[in-house]
Amino acid sequence: MNLHYVVKELYYRWRRTIVSVVGLSVGIALFIILNVLSLAYREAARAPLKEIGADITVQRPGNVPQELTGAVFPCSAVTIRREEITKIEKIPGIVGTGKAVLVWVFDPHQAWVVLGIEGENSIGPAILRAFVTEGRFLENGKSEALIEVGYAKQFGIKVGSNISVAGRSFPIVGLVDASRAPKIAVANLYLPLKDAQSIALSSKPLQSVSPFAQGDVNLLFIKAEQKQIMPVAAALKNILGSKVVIATPESFLKLLGNLFALSDKFTLAAALIAMLIAILIAFKTMAGNISERSKEIGVMKAVGWTQQNVTMQFLMESILQCFAAGILGIFIAVIVVYGLSFLTVNIPIPWEMSPKPHFLPGGGEQLYKTLRLPIYIPLKLAAFALLLSVFTGGITGALLSRHISKIKPSEVLRHE
Amino acid sequence: MNNADILMGVNLSKKYDNLEVVKNLSLNVKEGEFVSLVGKSGCGKTTLLSLLSGLEKPTKGQVTLNSKDITGASEEELALFRREYVGFIFQSFNLIPTLTAWENVALPLFPIKMASVQRHKRAIELLEQMEMGHRIEHLPATLSGGEKQRVAIARALANHPKIVFADEPTGNLDSATGDTIMAILNALHKNQGMTMLMVTHEPNLAKTADRVIRMQDGEVIK
């Protein structure tokens, strides 16, 4: 094999080289783009859960409160019992859990959406720590409250003042900016989990609809091993019953309704078809090249090139072209992906996960998590695409070696 | 001239389907001899050349080149054999269009393990011998017919062959250029003792050889 000769051939027959390289590079670029689009939508679907440090959220729907007085559970999130939580924590693949209690409190002059949170747990709403705009976050063991900025402004509540919720008094220690906070598990008022549990325990209207005991909760946040999310979700249904609402990246993906997001098989099939077309282009161009150069191959054989020498020469031409196509394909994909990165995705938040009562102003509005499409080309995918293109070159060259072997050195004696 | 036979073809026949192109033909070429094979178009002389040079296998008979029986050799063995002992000059030059003059000359040396500097040196040496030293970096498309054939002759000599097979070497040239090429071939034979077997349909060119073999309908007639 003579690399100098290979390069000269590719340069001299530049039209053919360009057709082959561009054809294959478009296939490679499509292969990359389709795959990264699918990855990007999957990544986007993870965002609503990721921002509260979880992979799965669990809530159990129940009965509608009979009357809206005192503390009640929303019908979308009723009691998850302590024994059930103990069982859940033993499911293989679960890395950790976060617990919360969401209560609607209808006091005579004010309604509150109260969320009881574990202040020290990184899984769940304690992630709000990052969105405190004034004052401080909740401290362990203290009965105190955080209030949402907009709500505080609406009712003139300030850091340092005391509020009364369900007949209990809490000092306000900080303000939370809900517009920057996660869309899941937001509230007007954030209390330590124990205080929210205590409110639920002592509420007769709540107990009458959904009995609640010490250590029970009504929201669970689960962090799981990535590959175990679906088996964990199935195990959760076994424990909590088929009506339980389990949010996973997969369920958000379905809500997105995007073709790339919905079907792995579609993406794979489309990417493979793109590659196949590209391979056919490469094969056809190389076959044409060999047929056009049959006399040249005859000369090479006549002057002492063996079948292996000639095959290696053409194989190298094919591999080099496909390598160049791979590089160009990656370059095209990088440009297209850069353009796509400006797209925004709106991920609808299911109504069950919306904490606000639907009958209050703005409560019926569809919530969205809006984000820039998290699209990028993983190094591994780029390397795989490059390898695939080189492999295509190798396969094409190897398949064509049969054509080369059929060309006899005596071909060269055929007079033009 | 040495008396030893460098090339022997014994009872050679070649059939393509039912058409027998070479018919039970025998001939020998001695080392340092210049033999011309003359005959009308289609008489089988080019086929005979391809059998004797190992480009094709005979249907029947035996070819011995440089004391080696090449009749039963595989394609691979024949290629290696040609690389070592044989040089070719073709009517239509058959230069590779993408390679420069010196690269075309070095073509038989590409598959050989050899420093590229050595390869380049050998090609330049031969091109200078062919008075083509000023055209080493030119592509075939920019060369005249005579120049192309000089490059082709240089290529035929690149591997220090024992015998050169020339198939109508002046067939695509005007008579003046053809004479020049014949002068080069004669000089190679006379000055360097090169063994040559030339196929031609022109009796005048054939005459310049040491020995003339006439062919008709696949057989030697004289």
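**Close-up 1. Strand 4 and strand 5 of chain B in the predicted model.** In this predicted model, strand 4 (residues 60-65) and strand 5 of chain B run antiparallel and are joined by two bridges. Within this pair, B:Thr64 has B:Asp69 of strand 5 as its bridge partner. The two strands belong to an open sheet of four strands in chain B, which has the order 2-1-4-5 and antiparallel pairing. Strand 2 (19-30) and strand 5 (68-69) of chain B each have a single partner strand and stand at the edges, so one side of each has no neighbour in the sheet. Helix 1 of chain B packs on this sheet, where it touches strand 1 (5-16), strand 2 and strand 4 of chain B, and its direction makes about 125° with that of strand 1 of chain B.

Close-up 2. The phi angle of B:Asn24 is near 40°, which is a positive value in a residue other than glycine. With 14 other C-beta atoms within 10 Å, B:Asn24 is partly exposed.

**Close-up 3. The six-stranded sheet of chain B and its edges.** A further open sheet in chain B is formed by six strands in the order 6-7-8-3-9-10, with mixed pairing. Strand 6 (86-89) and strand 10 (219-220) of chain B stand at the edges with a single partner strand each, so one side of each is left without a neighbour in the sheet. Helix 5 (residues 145-157) of chain B lies across strand 6 and strand 7 of chain B and runs at about 170° to strand 6 of chain B.

**Close-up 4. Strand 8 of chain B and its two parallel partners.** Strand 8 of chain B runs parallel to strand 3 of chain B, to which it is joined by five bridges, and B:Phe34 has B:Met196 of strand 8 as its bridge partner. Strand 7 of chain B likewise runs parallel to strand 8 of chain B and is joined to it by five bridges, with B:Thr195 of strand 8 as the bridge partner of B:Ile163. Six of the six residues of strand 8 of chain B are buried, so this strand is largely enclosed by the rest of the structure. Both of its faces are covered, with B:Thr195, B:Leu197 and B:Val199 buried on one side and B:Met196, B:Met198 and B:Thr200 buried on the other.

**Close-up 5. B:Leu197 and the largest nonpolar core.** Leaving aside residues up to four places away in sequence, B:Leu197 touches B:Leu7, B:Val29, B:Val35, B:Leu37, B:Leu49, B:Leu52, B:Ile163 and B:Phe165. The largest nonpolar core has 193 residues, and B:Leu197 is among those with the most contacts inside it, together with A:Val103, A:Val114 and A:Tyr190. Helix 2 (residues 14-50) of chain A gives the largest share of this core, 16 residues. Domain 1 (3-47 + 260-413) and domain 2 (56-247) of chain A both give residues to the core, so it lies between them. The C-alpha centres of these two domains of chain A lie 49 Å apart.

**Close-up 6. The side of chain B that touches chain A.** In this contact, 26 residues of chain B meet 22 residues of chain A. The elements that give two or more residues to the chain B side are helix 1 (45-52) and helix 2 (75-85) of chain B, and helix 2 of chain B gives the most, with six residues. By class, this side of chain B has 12 nonpolar, seven polar and seven charged residues.

**Close-up 7. A:Ala166 in a loop of chain A.** A:Ala166 is found in the loop between strand 7 (162-165) and strand 8 (168-176) of chain A. Its phi angle is near 50°, a positive value in a residue other than glycine. With 20 C-beta neighbours inside 10 Å, A:Ala166 counts as buried.

Terms used. Residues numbered from 1 in each chain as written. Chains lettered and ligands numbered in written order. Predicted model: local features only at pLDDT ≥ 70, side-chain atom pairs only at ≥ 80, totals over all residues. Core = buried A, V, L, I, M, F, W, Y, C linked by C-beta atoms within 7 Å. Buried ≥ 20, exposed ≤ 12 C-beta atoms within 10 Å, placed from the backbone. Domains from an automatic or database assignment. Contact = placed C-beta atoms within 7 Å. Nonpolar A, V, L, I, M, F, W, Y, C, P; charged D, E, K, R; others polar. Pairing = 2+ DSSP bridges. Axes fitted to C-alpha atoms, helices over the stretch in contact; angles between N-to-C directions.
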